[in-house]
Amino acid sequence: MLQCTAFSELPEMGARVALMGLADGPGQASEAPDLDEFLLCELGEHDDGTEHAAQLWSSSAPAGRDLWMFWTDADGRRTFRFTELLPCPAVIHRLSVKEGDACVLYDRHPAAHSWDVTDPLADLMAERIREEVRRDRDGGGELGAQA
């Protein structure tokens with residue numbers, strides 16, 4: 001399933017207030033993470049009745065809550081809200097029973113788990129970076145050819 005392509009400008013003041021209100025959050029304003037100016041919906045493609053969602057803060061404590069921003073676009077207006085949610089408990093085990101990939105979305109999220117959501121642009125960028133690293137490592141890159 002492809003990733004939703006919706007994005008939103010981050011309402012920074014609302015995000016900072018939500019971060020400072022977290023029980024196990026950064027605490028002091030100086031400890032707050034750098035926030036992106038724009039957020040991309042992290043869910044797979046979904047219908048217009050489902051809110052878009054992007055994670056702002058992930059708790060490091062076991063069974064901690066993460067801070068998510070949800071937004072909708074209706075009647076030419078964008079509305080948003082911030083909510084603390086438990087992480088999705090789903091884990092996929094591919095080749096190992098002991099190790100697996102956890103879903104990075106929130107508990108009871110709609111549609112597919114994160115491992116089933118693909119972002120073709122991110123995949124293309126990652127492949128290009130891998131190719132450049134291979135060329136540089138094998139001496140075929142611009143720097144290697146000039147040396």
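The legends below describe close-up views of a predicted model.

Residues are numbered from 1 along each chain as its sequence is written. In this predicted model, local features need pLDDT of at least 70, side-chain atom pairs count only at pLDDT 80 or more, and totals for chains, interfaces and linings use all residues, while side-chain values use heavy atoms, with hydrogens and water left out.

View 1. From the N terminus on, the elements follow the order β-α-β-β-β-β-β-β-α-α. Helices (H or I, at least four residues) and strands (E, at least two) are DSSP runs, numbered from the N terminus. The protein chain has 147 residues, and 29% of them count as buried. Buried means under 20% relative accessible area, exposed means over 50%, and partly exposed lies in between (1.4 Å probe, protein chains only). The accessible surface of the protein chain is about 10,000 Å². Carbon and sulfur atoms hold 52% of that surface. Areas come from the Shrake-Rupley method with a 1.4 Å probe; for residues, only the protein chains shown count as cover. Take the contacts between residues at least 6 apart in sequence: 46% of them join residues at least 24 apart. A contact means heavy atoms within 4.5 Å.

**View 2. An open sheet of three strands, in the order 3-4-5.** The pairing is antiparallel. Two strands pair if DSSP finds at least two bridges between them. Strand 3 (52-57) and strand 5 (77-85) are the edge strands, and each pairs on one side only. From one strand to the next, the twist averages 25°. Helix 1 (residues 12-20) packs on this sheet. Helix 1 touches strand 3, strand 4 and strand 5, and its direction makes about 15° with that of strand 5. Axes are lines fitted to C-alpha atoms, for helices over the stretch in contact; angles run from 0 to 180 degrees between N-to-C directions.

**View 3. Strand 3 beside strand 4.** Five bridges join strand 3 and strand 4 in the antiparallel sense. Look for Gln55: its bridge partner in strand 4 is Trp68.

**View 4. The hairpin of strand 4 and strand 5.** Strand 4 (residues 66-74) and strand 5 run antiparallel, joined by nine bridges. Several partners can be picked out along them. Trp71 stands opposite Phe80 in strand 5. Asp73 stands opposite Arg78, also a residue of strand 5. Ala74 has Arg77 as its bridge partner in strand 5. Two residues lie between the strands of the hairpin. In the turn, Asp75 has a positive phi of about 55°.

**View 5. A salt bridge between Glu51 and Arg81.** Side chains of opposite charge can pair when their charged atoms come close. A salt bridge here is a side-chain nitrogen of Lys or Arg within 4 Å of a carboxyl oxygen of Asp or Glu. The whole structure has seven salt bridges. In the pair of Glu51 and Arg81, the closest N and O atoms are 2.6 Å apart. Glu51 lies in the loop between strand 2 (38-40) and strand 3, and Arg81 lies in strand 5, so the pair ties together parts that are 30 residues apart in sequence. Glu51 is partly exposed because its relative accessible area is 24%. Arg81 is partly exposed too, at 36% relative accessibility.

**View 6. A salt-bridge network of Glu127, Arg130 and Arg134.** Arg130 forms a salt bridge with Glu127, with the closest N and O atoms 3.0 Å apart. Both of these residues, Arg130 and Glu127, lie in helix 2 (residues 120-137). Three residues separate them, about one turn of the helix. Arg130 has 42% relative accessibility, so it counts as partly exposed. Glu127 is partly exposed at 28%.

**View 7. A salt bridge between Arg108 and Asp107.** The side chains of Arg108 and Asp107 meet at 3.9 Å, N to O. Arg108 is exposed because its relative accessible area is 75%. Asp107, at 26%, is partly exposed.

**View 8. A nonpolar patch on the surface, formed by Phe7, Phe38 and Leu40.** Together these residues have about 300 Å² of accessible area. Patches are made of residues with over 30% relative accessible area and no salt bridge; like charges are joined within 9 Å, and nonpolar side chains (Val, Leu, Ile, Met, Phe, Trp, Tyr) within 5 Å. Phe7 sits in strand 1 (residues 7-9). Phe7 counts as exposed because its relative accessibility is 52%.
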